[in-house]
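Please look through the sequence and the structure shown below before reading on. The report that follows takes up single residues, sheets, helices and cores in turn.

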Amino acid sequence: MNHYQQPRIEPPLSEWSDLLAARNRFAPGESLSGLRIAARRRLVDSAEQFVLRLNGIAQQAGLPEIACPVLTGDPTQQPLVMTGHQPVIFHSGLTFKYETAERFAADQNAIAVAVVIDTDEGDVGRFEYPEPADATTAGTANTHVPPLHVVSGSLSQPSGTMAAAALKPSSEIPAIADKVRAALASVDRRTSGDFAHGVLQNYARLSEASAAALESNLIMRWRHGIGGRMLELPLSAIAAFPETLELTAGIIQDARNFADGYNRALGDFRTRHNISNAANPFPNLTITDSVCELPFWVLDHTRQTRRVLQISGSGGTTTLLADGELTETTTGGITSQALESLLLRNVQIAPRGALITAFLRLLFSDLFVHGTGGARYDRFTDEFIRLWWKVEPTAFVMASASRYLFAEQRTALEKQDLLAGSLRDLQHNPQRSFGTGVFSQSVETELQSLVRQKQSAVEQMRNAHADGRSAREIGREIQRLSDRIKAAVTDYFEPQLAGLAQVTQFHRDAVNGRTYPWFFFPPDSGNPRH
């Protein structure tokens with residue numbers, strides 16, 4: 001994985017196997033233990049079928065078959081490693097997380113499952129790419145690329161939830177591919193543009209085969225070695241499992257106590273971790289005299305909408321509301337069977353926020369691999385699992401890294417920024433950097449001579465003061481030497497810094513961008529493919 005920069009793996013990868021082995025200490029109550037056994041079997045079976053179905057779509061689109069054995073097996077005998085993300089076009093941080101999870105699972109003879117968070121809203125097909133900016137509004141700071149800015153494109157059509165997003169018509173995608181290739185060629189990334197063009201042309205073939213945007217994103221990254229050996233399954237499918245519905249119904253039946261405990265746990269967590277923002281790690285649930293919010297979505301798959309679940313009840317009647325709109329009313333409390341009946345109407349209750357990984361870790365995973373964001377909020381999930389379910393949660397870890405399309409230019413810009421920030425110290429104390437290669441040999445030799453002369457003059461001033469003699473002329477000499485040192489340093493670095501003031505934030509964003517899509521990094525640039 002040496003093609004990545006700034007990798008972060010916490011705790012160190014060498015400790016992950018111990019965390020995985022500790023799964024045997026997961027000893028919940030009898031009912032939850034039974035749910036977990038059944039849920040793990042159902043997860044693996046369902047994920048295998050999902051992968052087979054997507055492979056069938058790829059074949060229909062005429063994409064060549066790639067033999068890549070998946071990391072599956074018997075969940076009663078093998079550990080289960082999980083990760084997950086929205087079904088968007090991945091950037092380097094996500095590819096690193098998936099590659100790390102996949103390789104670790106393979107090394108441990110574990111089953112690997114990635115959860116597709118298809119219940120979120122957003123543009124599944126969106127990606128960013130750089131193109132030249134107006135040369136009068138940006139500078140390059142000697143970074144060997146034209147002034148840049150970042151623009152966005154999309155392969156998908158507007159929709160509600162990510163599960164419902166469709167690809168753009170196959171007739172429109174080639175023009176997008178041509179535009180991206182031309183933009184990358186214009187910023188001296190022709191190889192990246194050619195590779196991206198080929199990938200995007202395959203999206204057009206998938207669109208011709210009526211593949212959804214979610215399906216297409218998974219198929220294309222699988223085919224290029226990004227999570228290609230992992231089983232995958234959408235969260236909406238997992239939320240419909242009988243075991244998930246039973247957990248969900250249990251929370252709804254005790255809605256107010258759950259919401260009260262959730263809010264108290266959030267408050268305690270913020271206090272312990274000195275978090276002042278009331279929205280972090282998650283907002284509090286709203287509780288009034290008449291309704292109680294719960295951390296679930298009400299998904300209407302027919303209308304392609306999602307709304308917040310609220311519970312209202314009186315006189316033995318429980319009412320489910322979706323942002324205030326009546327969804328279901330039942331006498332004697334909501335049961336898992338009642339939630340199954342909602343599914344027949346194409347309406348689904350699915351977890352959101354902290355409850356997503358709480359459910360995944362309670363029912364399925366022995367080790368969950370997060371990125372940086374998930375690792376921050378799952379500290380709270382740990383504490384709430386202990387508080388509400390009275391069990392010790394299985395472990396989570398974190399893996400993330402970056403790749404930069406303009407890595408050399410980014411390094412050059414960083415050096416120039418560092419130089420600009422340290423210029424004052426270099427002007428007044430150049431001797432601190434002697435021997436480090438900051439100065440050329442000739443400039444360093446000149447500066448060494450000036451510094452020696454200045455030090456000698458300073459010593460003469462001390463002696464004059466000690467003898468009670470005037471040191472006015474010596475002081476003038478010290479100032480002249482200081483000015484010569486400053487001028488020599490400034491003259492040396494001025495050409496290197498000449499363009500820095502002209503660099504716009506747009507150009508910086510383009511050079512420093514770490515969210516460019518995976519298909520901007522062709523295999524010959526170091527990205528491994530199966």
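## Threonine 327 and its strand

Threonine 327 has a relative accessible area of 11% and is therefore buried, the cut-off being under 20%. The model described here is a predicted one, and it places threonine 327 in strand 10, which covers residues 325-331. Beyond the residues up to four places away in sequence, threonine 327 touches Val298, Leu320, Leu321, Ala322, Leu342, Arg345 and Val347.

Strand 7 (residues 292-300) and strand 11 run antiparallel and are joined by 5 bridges; phenylalanine 296 has proline 351 in strand 11 as its bridge partner.

Another open sheet is formed by 6 strands in the order 1-13-12-2-3-6, with mixed pairing. Its edge strands, strand 1 (5-10) and strand 6 (231-234), each pair on one side only, while neighbouring strands are turned against each other by 20° on average, direction ignored. Strand 12 (residues 367-370) runs parallel to strand 13, to which 4 bridges join it, and valine 369 has valine 397 as its bridge partner in strand 13.

Helix 3 (residues 92-107) lies across strand 1, strand 2 (80-85), strand 3 (111-116), strand 6, strand 12 and strand 13, running at about 170° to strand 2. Helix 11 (residues 354-363) lies across strand 2, strand 3, strand 12 and strand 13, and its course is at about 150° to strand 12.

## Nonpolar cores and tryptophan 389

In soluble globular proteins, nonpolar side chains tend to be buried together. The largest nonpolar core here has 135 residues, of which Leu294, Trp389, Phe519 and Phe520 touch the most other members; helix 2 (residues 30-60) gives the most to this core, with 11 residues. A second, separate core of 22 residues includes Leu423, Leu481, Ile485 and Leu497.

Tryptophan 389 is located in the loop between helix 12 (372-388) and strand 13 (395-402), and it counts as buried because its relative accessibility is 15%, which falls under 20%. Apart from neighbours within four places in sequence, tryptophan 389 is in contact with Leu32, Leu247, Ile251, Phe258, Leu355, Ala358, Phe359, Leu362 and Phe384. Although tryptophan 389 and leucine 32 are 357 residues apart along the chain, their C-alpha atoms are separated by 9.1 Å. For leucine 294, the contacts beyond four places in sequence include Ile251, Phe258, Val308 and Arg352.

## A helix pair

Helix 4 (residues 173-186) packs with helix 5 (residues 190-208) at an angle of about 170°, their axes lying 8 Å apart. Since this angle is over 145 degrees, helix 4 is roughly antiparallel to helix 5. By class, the contact of helix 4 with helix 5 has 10 nonpolar, 5 polar and 4 charged residues; among them are Ile173, Val180 and Leu184 in helix 4, and Ala196, Leu200 and Tyr203 in helix 5.

Terms used
Residues are numbered from 1 along each chain as its sequence is written. This is a predicted model: local features need pLDDT of at least 70, side-chain atom pairs count only at pLDDT 80 or more; totals for chains, interfaces and linings use all residues. Side-chain values use heavy atoms; hydrogens and water are left out. Helices (H or I, at least four residues) and strands (E, at least two) are DSSP runs, numbered from the N terminus. Buried means under 20% relative accessible area, exposed over 50%, partly exposed in between (1.4 Å probe, protein chains only). Contact means heavy atoms within 4.5 Å. Axes are lines fitted to C-alpha atoms, for helices over the stretch in contact, and angles run from 0 to 180 degrees between N-to-C directions. Angles under 35 degrees count as roughly parallel, over 145 as roughly antiparallel, 65 to 115 as roughly perpendicular and the rest as oblique. Ala, Val, Leu, Ile, Met, Phe, Trp, Tyr, Cys and Pro count as nonpolar, Asp, Glu, Lys and Arg as charged, and the others, Gly among them, as polar. A nonpolar core is a set of buried Ala, Val, Leu, Ile, Met, Phe, Trp, Tyr and Cys residues joined through side-chain atoms within 4.5 Å. Two strands pair if DSSP finds at least two bridges between them.
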